[in-house]
Amino acid sequence: MALNQIDTFSISELLGMNFYIPEYQRGYRWARNNVLQLLNDIWEYRQEPNNRNTFYCLQPVVVRETKWQDIDGNTILGYELIDGQQRLTTLHRIVTYLTLEYLQTSLISEGYPENLYSIYYKTRLESKAFLETAAKNITKPDLYYMSEAYSCIKEWFEDGKKGIPRQVKDEVLKIILPSILKDEKGQKQFPEWSVQVIWYEIKDATQKSEELFTRLNRGKIPLTSAELIKAKFVNANSFKGIPDDAKLKRRTQLVQIWDEIENHLNNPKFWAFISNESINKYSNKIEYLFDIITRKKNNEKDPLYTFFIFSTKKPQPVHFGRSGLK
């Protein structure tokens, strides 16, 4: 069984990619308040000096590699977008606005390696081309919401409340489409103040896309910090330079140890010994240990806080004394 892959990608790394929205999904439906919340969150994050050298991370984008036919019958290679349509479409609208009304040229002409990613809709073929324009169309629900999103984005950038509109556009462009940096070993570095997405690629053929979409959107199998950390630990990028047989052995050992820890933590008596939290608080009990390592506070609202800490920086050491955790 192939292991699902997890990574964090900047929007710059998604340039040139193709995404496919199958018929089991509804179309784009984000209202003005959703679009404004995303823009305001990104902007407020940028204003906080303590966020330098970190990134603003969006909820997971769940994909599966696939191919399909476009409106002209050409075969397109890309990814089925199982979860994350609303977020990627809104980011597409933001970058399209900045490209058309700020840069006034293509991204390639500005020095980027590719133009913006494309989104194909099986049952709404005209939406792909419409997304790449500033046109307004209210004849169909998808086109209406896409039009409203563009208008909302334009108003947000040009209202003057955040400063000189041209400077605001330049700042947001740097956050959403940063340079892709590498350290001396060729490892990816996070640019200052950038937007990243959690990239969760389904490799397991036994997981059916439509069933996975339904369960994700009903909240029955939310991607918790523990699940994302586990996927990150066992994916191929964690075992570079190791022979395939040794890689498989280490992955197997890691999964076995993980399961043993989880089984022990599910013992009510053992759980009561180590924690005052309700045993029902965590669907994956091992997440409690990661919460301790990252010093997650009880009032933290972000459900993926612990995963973000593991992805962005080395967790602070935890010290135990006579009175317990310090």
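User: What makes the charged end of Lys162 count as sitting over the ring of Trp156?

Analyst: In this predicted model, the charged end of Lys162 is 4.3 Å from the centre of the Trp156 ring. The distance cut-off is 6 Å, and the charge must also lie within 35 degrees of the ring normal. The charged end of Lys162 is listed as sitting over the ring, so it meets these conditions.

User: Why is the pair of Trp43 and Trp156 called edge-to-face?

Analyst: A search of the whole structure finds 16 aromatic pairs. In the pair of Trp43 and Trp156, the centres are 6.1 Å apart and the planes make an angle of 85°.

User: Why is the pair of Tyr97 and Phe157 called stacked?

Analyst: The angle between the planes of Tyr97 and Phe157 is 20°, and their centres are 5.1 Å apart. Planes under 30 degrees apart count as stacked, so the name follows from the angle. Tyr97 is in helix 2 and Phe157 in helix 4, so the pair ties together parts 60 residues apart in sequence. Tyr97 and Phe157 are both buried.

User: How do you know whether Ser147 is buried or exposed?

Analyst: Ser147, a residue of helix 4, has a relative accessible area of 2%. Buried means under 20%, so Ser147 is buried. Leaving aside neighbours within four places in sequence, the contacts of Ser147 include Arg93, Phe130 and Asn137.

User: What is noted about phi in Gln104 and Arg295?

Analyst: Phi of Gln104 is near 55°, a positive value. Phi of Arg295 is also positive, near 55°. Most residues other than glycine have a negative phi. Gln104 lies in the loop between helix 2 and strand 5, and Arg295 in the loop between helix 10 and helix 11.

User: How do you know that Ile257 can belong to a surface patch?

Analyst: Ile257, in helix 8, has 48% relative accessibility and counts as partly exposed. A patch residue needs over 30%, so Ile257 passes that cut-off. Ile257, Ile261 and Leu289 form a nonpolar patch with about 220 Å² of accessible area together.

Notes: Residues numbered from 1 in each chain as written. Predicted model: local features only at pLDDT ≥ 70, side-chain atom pairs only at ≥ 80, totals over all residues. Heavy atoms only, no water. Patch = residues over 30% accessible without salt bridge, like charges linked within 9 Å, V, L, I, M, F, W, Y side chains within 5 Å. Areas by Shrake-Rupley, 256 points an atom, 1.4 Å probe, with all protein chains shown as cover. Salt bridge = Lys/Arg side-chain N within 4 Å of Asp/Glu carboxyl O. Helix = DSSP H or I, 4+ residues; strand = E, 2+ residues; numbered from the N terminus. Buried < 20%, exposed > 50% of the residue type's maximum accessible area, 1.4 Å probe, protein only. Phe/Tyr/Trp six-rings, centres within 6.5 Å; stacked < 30°, edge-to-face > 60°. Contact = heavy atoms within 4.5 Å.
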